[in-house]
Amino acid sequence: VFSAWGMSIVAAIVARQNFKSAIPFCYAIMVSCIVFLPWQIYIFHCFPKEALFEYQFNSRHISEVVENHGGNWRFYCSYFNQYFGRHLIWFGYLGILLSFFQNKEDKTINNALLCYISFVFLFFSFIVKTKMSTYFFVIAPLVMVYIAVGLERISSLFKHRKLILIPLLLLCVYYSLNPLEIVAYRRDDADRKTKIYNTTLY
């Protein structure tokens, strides 16, 4: 949130010399510090060894593969079907393309969001050694916004837009939930069946 917000503020300052736009950002930083700093101070005061261990362990995710959670730079691309539903990511690409043709005011926010999405994706794909599917969740909602933009534009091409929009949304729900893949996974996953069987022993 703060990185995308900060990028939009920097863009606003460069474009219009609007330094007042940074005031709410500073307030938000102050409030966040008031919320999270007391806990950090508390754990380092009461549990210094444990807190230091956790900080050092978490920092290892950047420089080394932790607990065999590795992968190449295409790791997160391979999860796009699970993040957004099969084929729906193409509407996201369309939404991103269309966003470049918005008016100037919208472009400032749009460029900040795209920089934020790109930065997070590139950071976790090429720099962070430990790969976990949940790392991408922080920007997944933003990509879904662009998917919605693409879907909205497609539906606007039809004369009876409302009649097209409903089946289009139902199709999106189907591809997002992937019911057939879920059923197949639950039926064929041997580890899951073993865990369920073992619960009867305890």
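1. In this predicted model, F84 touches I89, F136, A140, V143, M144, I147 and S176, when neighbours within four places in sequence are set aside.

2. F84 also belongs to the largest nonpolar core, where F84, Y76, F80 and F136 are the residues with the most contacts inside the core. This core comprises 26 residues. At least two of its residues come from each of α4 (80-84), α6 (104-127), α7 (140-156) and α8 (161-177).

3. Aromatic pairs number 25 over the whole structure. One of them joins W39 and Y42, whose ring centres lie 5.5 Å apart with the planes at 35 degrees; the pair is therefore classed as tilted. Both residues sit in helix α2 (residues 22-46), and because they are 3 residues apart, about one helical turn separates them. W39 counts as exposed, with a relative accessibility of 52%, while Y42, at 40%, is partly exposed.

4. F75 and Y76 make an edge-to-face pair, with 5.0 Å from centre to centre and 85 degrees between the planes. F75 has a relative accessible area of 15% and so is buried, the limit being under 20%. Y76 is likewise buried, at 1%.

Terms used:
Residues are numbered from 1 along each chain as its sequence is written. This is a predicted model: local features need pLDDT of at least 70, side-chain atom pairs count only at pLDDT 80 or more; totals for chains, interfaces and linings use all residues. Side-chain values use heavy atoms; hydrogens and water are left out. A nonpolar core is a set of buried Ala, Val, Leu, Ile, Met, Phe, Trp, Tyr and Cys residues joined through side-chain atoms within 4.5 Å. Buried means under 20% relative accessible area, exposed over 50%, partly exposed in between (1.4 Å probe, protein chains only). Helices (H or I, at least four residues) and strands (E, at least two) are DSSP runs, numbered from the N terminus. Contact means heavy atoms within 4.5 Å. Rings of Phe, Tyr and Trp (its six-membered ring) pair if their centres lie within 6.5 Å; planes under 30 degrees apart count as stacked, over 60 as edge-to-face and the rest as tilted.
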